[in-house]
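Work through the exercises below with the model open. Try each task before reading its solution.

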Amino acid sequence: MRLNRLLDNRTTQSKCNLSTEELTIRKNAFLDIAKNNIPDFSIDERNREVINNLFFYFNGIEGKYKLDKGIWLFGDIGTGKSSLMYLFSEFKKLYFDGFKIHICSKVSNDYAINGDLDKYTYNEKGYPGGPVNMCFDELGRETIPANYYGQKLNVMQHILHIRYSLWQSTGVKTFITTNDDPSAIESKYGDFIRDRNREMFNIVLLQGKSRRK
């Protein structure tokens with residue numbers, strides 16, 4: 001990984017409240033997290049632009065992605081979507097505003113076991129007693145519908161409906177990774193989700209061949 005290629009040199013101080021020194025510290029912190037958690041993680045021509053833009057976004061820097069929206073990261077299997085969100089989740093924990101990642105298949109299974117989706121939506125039972133930013137990984141691979149004692153539910157559709165309303169009222173952000181293209185999303189979750197995902201999310205395509213060996 002080339003440190004001098006992570007940050008776009010066109011970033012200007014007018015777009016960012018962080019000093020050049022602080023930006024360098026944060027850049028190196030992110031790269032250390034990547035090296036320590038995913039040793040074979042690499043930054044190259046296939047993902048550099050997306051990583052640059054996500055780095056700006058998660059540091060509150062105006063750029064390609066709107067700061068008041070979440071992130072909808074999609075692309076083919078194995079392009080590194082889940083890895084990127086995991087690394088930025090760990091990076092954000094350094095600054096006390098990290099977010100948890102929930103695998104959608106497990107979320108669906110949780111509903112089938114206990115019928116309770118509070119922690120993924122209103123979070124009234126958890127700390128801090130209200131909705132929080134979070135990432136849902138591998139959207140589209142969960143069981144649809146999930147079944148809780150005969151009560152069948154398209155769990156992620158339900159969660160995204162609620163989190164859309166929460167985003168409107170509180171600004172809470174949702175982050176998504178998925179292999180599904182827009183047509184598959186519509187067939188699984190309906191036109192409500194399709195029509196509102198551009199309103200609620202920065203839509204980010206991660207291209208390239210699979211990185212899985």
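This is a predicted model: local features need pLDDT of at least 70, side-chain atom pairs count only at pLDDT 80 or more; totals for chains, interfaces and linings use all residues.

Residues are numbered from 1 along each chain as its sequence is written, and side-chain values use heavy atoms, with hydrogens and water left out.

**Exercise 1. Describe the largest pocket: its space, its lining and the classes of its lining residues.**

Step 1. On a 1 Å grid over the protein atoms alone, a pocket is an open set of points where a 1.4 Å probe fits, with protein on both sides within 12 Å along at least five of seven lines; lining residues have an atom within 4 Å of a point. Points are joined across faces, edges and corners, and the volume is the space filled by probe spheres set on them.

Step 2. Read off the volume. The largest pocket holds about 510 Å³ of space.

Step 3. List the lining. It counts 20 residues, and Asp-97, Gly-98, Phe-99, Val-132 and Asn-133 are the closest to the centre.

Step 4. Assign elements. Helices (H or I, at least four residues) and strands (E, at least two) are DSSP runs, numbered from the N terminus. Helix H2 (48-58) and strand E2 (100-103) are the elements that give two or more residues to this lining.

Step 5. Sort by class. Ala, Val, Leu, Ile, Met, Phe, Trp, Tyr, Cys and Pro are nonpolar; Asp, Glu, Lys and Arg are charged; the others, Gly among them, are polar. The lining of the largest pocket has nine nonpolar, six polar and five charged residues.

**Exercise 2. Which element gives the largest share of the lining of the second largest pocket?**

Step 1. The second largest pocket has a volume of about 390 Å³. Of its 21 lining residues, Gly-78, Thr-79, Gly-80, Ser-83 and Arg-211 are the closest to the centre.

Step 2. Helix H3 (81-93) and strand E6 (174-178) each supply at least two lining residues. H3 gives the largest share, four residues.

Step 3. By class, this lining has four nonpolar, ten polar and seven charged residues.

**Exercise 3. Locate the salt bridges Glu-49 to Lys-64 and Glu-90 to Lys-93, and state how exposed their residues are.**

Step 1. A salt bridge puts a side-chain nitrogen of Lys or Arg within 4 Å of a carboxyl oxygen of Asp or Glu. The structure holds eleven.

Step 2. Glu-49 and Lys-64 have their closest N and O atoms 3.8 Å apart. Glu-49 is in H2, whereas Lys-64 is in the loop between H2 and strand E1 (70-74), 15 residues apart.

Step 3. Glu-90 and Lys-93 meet at 2.8 Å, N to O. Both lie in H3, three residues apart, about one turn of the helix.

Step 4. Check accessibility: buried means under 20% relative accessible area, exposed over 50%, partly exposed in between (1.4 Å probe, protein chains only). Glu-49 and Lys-64 are both exposed. Glu-90, at 22%, is partly exposed, and Lys-93, at 46%, is partly exposed.

**Exercise 4. Where do the buried residues of helix H4 (residues 104-114) sit around its axis?**

Step 1. Cys-104, Val-107, Ser-108, Asp-110 and Tyr-111 are buried.

Step 2. Take directions from the helix axis to the C-beta atoms. The buried residues fall within an arc of 155°, so they line one face of H4.

Step 3. Find the partners, with contact meaning heavy atoms within 4.5 Å. The buried residues of H4 pack against E2, strand E3 (134-139), strand E4 (146-148), strand E5 (151-153) and helix H5 (155-170).
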